[in-house]
Amino acid sequence: MTSIRRDILIGIICLALAAALPLAMPGRYVITQSTLFFIWAIVVVQWNLVLGIGGIFSLAQMALFATGAYATAMLGFYWKVPMLAAIPMAGVVAVAVGMLIGLACLRLRGPYVALLTLAIAQVMYVLIVNDTDCFTTVGGCMPLFGGVRGIGQFGDIGLRALFPSKWYVAHYYAGLALLAVAVTISIVVIRGPLGLAFRALRDNPDYAMSRGISRFKYQLWIFAVSAFFTGIAGGFYAIHFRVVGPTVFSFSTLLFLIAMIVIGGLGSIWGPLLGAAVLMLADEGMRELSDYRNIGLGLLLAVFVIAWPNGLNGWLQRSRTSRN
Amino acid sequence: MDVVIQIIASGLTLGAMYAVATIGLSLVYGSLNMLNMAHGAILTLGGYICYAAIVHAGLNPALALLAAALVCALVGLLIYFCAALPLLRAENFETNIFIATIGIGSVIENLMLKGFGPYPIPQPLAAGGQVVICNVHIPLQNVFILGVAIVLMVAVAILLQRTSTGRAIRATSMNREAAQLMGVRVGRVYAQVLALSGALAAVSGIMISSIATLTPVMGGDPMLKAFIVCVVAGLGNVYGAVIAAIALGLLEAATQYVLGVRWSFATLLLLVILVLIWRPYGLFGKQQVVRL
């Protein structure tokens with residue numbers, strides 16, 4: 001079985017299982033948590049493109065997610081753009097921001113990229129939180145980006161109106177559809193010529209460049225591709241929670257997501273999804289011990305990087321090859 | 001004139017604190033190529049240990065400072081033996097250690113949150129009183145911080161320049177393989193550097209908390225600033241880092257006065273972004289040319 005066929009098979013099985021979940025477990029809590037899982041999985045799958053396939057150590061993914069969420073909310077709040085149009089527009093805004101970040105990182109190497117992207121995310125957070133001047137006074141004083149309280153009341157995609165009692169199930173399927181598209185894109189990128197170019201640039205940049213692979217072009221491509229769906233996931237997050245605040249920049253979210261990628265397996269196709277699923281379940285399991293959540297996450301992250309740097313995916317692959 | 005003195009006084013204090021926090025980071029990056037994301041947590045831990053030693057154990061302040069430095073040096077050693085040593089044997093050390101230290105930092109930070117609670121605590125190791133220069137009142141605490149920082153920097157400079165340990169550290173950061181071939185025990189150098197960096201972080205944590213307050217998350221901000229200083233100076237360049245730290249401290253004090261406190265951090269970060277785009281290897285860093 002070729003690897004692409006295997007990917008399609010795994011994808012279809014996962015999709016079928018996920019589509020059947022609301023029938024098997026109709027509880028509202030399970031459904032909303034799964035929707036949140038879809039949102040994080042989209043971000044993680046796209047982040048993996050930059051981090052794992054591109055080998056670019058960018059920590060800006062949550063900033064791009066926030067860009068998408070804020071763009072959606074602000075388009076709806078200030079210009080009354082319908083949400084169905086605002087979310088793709090937010091994706092485009094995220095692409096623009098992502099390409100700018102990609103440009104800024106172009107001449108940098110490894111750890112400098114991490115620090116620069118962390119600094120960019122921090123600037124955005126500080127600017128949003130520290131802005132207390134009123135931009136509009138409609139319905140109380142509100143700064144341009146909503147300040148500490150964030151932005152609310154920017155409209156809806158209409159699923160709540162369409163399915164008044166079952167809107168969360170509708171959101172579940174919407175999230176699942178977005179995730180399916182995001183994963184498909186990621187498979188196409190990883191298995192296709194783009195992915196080959198990214199991996200070549202990651203593994204031996206000088207040799208790849210001497211064979212005519214333009215680092216400039218491909219680095220911008222990878223930032224643009226991964227920013228688009230991350231921005232859309234941000235928009236969907238905004239709709240789902242009906243409010244966007246500076247908490248999306250929080251360090252514990254960043255830790256949570258990076259742990260998903262590392263535990264699942266950096267640079268693999270299904271690893272990040274697996275990691276996201278495992279961590280969401282583990283998070284549910286640790287709900288009773290919520291005080292210890294970040295301690296547990298930090299320990300898991302460190303132990304996995306040190307002991308199993310290829311994550312669960314690498315472990316699965318090793319056990320499969322040893323069986324054959 | 002008074003304003004200028006005020007800005008210089010607070011800028012130098014800030015710069016001195018950043019410099020002490022930065023030296024450790026820069027040494028570690030220089031010799032191991034390791035960005036220690038747990039630095040902020042270690043720095044905070046230093047502040048809390050000092051607090052606990054004075055308030056709960058009743059030690060005198062000098063001993064408390066020593067205890068904090070010792071505990072944080074041990075944490076540095078622990079990071080070496082538990083994280084850096086195994087990761088050095090595998091591929092992708094730079095990325096992996098970065099992620100691993102994010103995890104370790106989160107563990108330390110949340111343990112402090114459990115142990116000491118989320119509420120700000122004043123640092124007991126602080127001097128009262130003030131000195132007056134041309135109508136400007138400067139707290140004695142700031143003068144002490146500046147003094148301790150200068151003593152520490154001179155000590156580190158002597159260690160690096162005049163002792164065989166320092167020579168081994170410098171040799172390792174210049175060329176790891178060559179140093180190893182010349183008989184430098186690189187593993188020992190790494191352990192020494194991480195312990196030294198932990199101790200320096202503890203002292204800077206005590207300094208920072210004596211001006212502000214102790215909270216479990218207070219390390220994040222100084223750590224980001226220390227990284228900024230490192231990056232502006234060129235990662236691993238220790239002397240450049242001291243100059244950049246003081247320059248950045250002065251700049252921060254000036255922007256705080258001109259633009260107000262809430263914009264100063266954003267201005268600093270924007271400046272760093274521009275520096276990195278203009279000079280990707282930092283102001284004092286040399287561009288590395290790799291031949292195939």
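This is a predicted model: local features need pLDDT of at least 70, side-chain atom pairs count only at pLDDT 80 or more; totals for chains, interfaces and linings use all residues.
The secondary structure of chain B consists of 11 helices and two strands. In sequence order, the elements of chain B are arranged as α-α-α-α-β-β-α-α-α-α-α-α-α.

The overall dimensions of chain B were examined next. The C-alpha trace of chain B extends over about 60 × 45 × 35 Å along its principal axes. The radius of gyration of chain B is 19 Å, in agreement with the value near 19 Å that a compact globule would have, because such a globule is taken here to contain 292 residues. Of the 292 residues in chain B, 49% are buried. Among the contacts in chain B with a separation of 6 or more, 75% are formed by residues 24 or more positions apart.

Between the two chains, 32 residues of chain A are in contact with 36 residues of chain B. On the side of chain A that touches chain B, at least two residues each are supplied by α5 (110–130), α11 (251–264) and α13 (293–307) of chain A. Of the elements on this side of chain A, α5(A) gives the most, with 13 residues. By residue class, the side of chain A that touches chain B comprises 24 nonpolar, five polar and three charged residues.

Technical notes
Residues are numbered from 1 along each chain as its sequence is written. Chains are lettered from A and ligands numbered from 1 in the order in which they are written. Helices (H or I, at least four residues) and strands (E, at least two) are DSSP runs, numbered from the N terminus. The radius of gyration is taken over C-alpha atoms; the globule rule is 2.2 Å times the number of residues to the power 0.38. A residue is buried if 20 or more other C-beta atoms lie within 10 Å of its own, exposed if 12 or fewer, and partly exposed in between; C-beta atoms are placed from the backbone. Two residues are in contact if their C-beta atoms, placed from the backbone, lie within 7 Å. Ala, Val, Leu, Ile, Met, Phe, Trp, Tyr, Cys and Pro count as nonpolar, Asp, Glu, Lys and Arg as charged, and the others, Gly among them, as polar.
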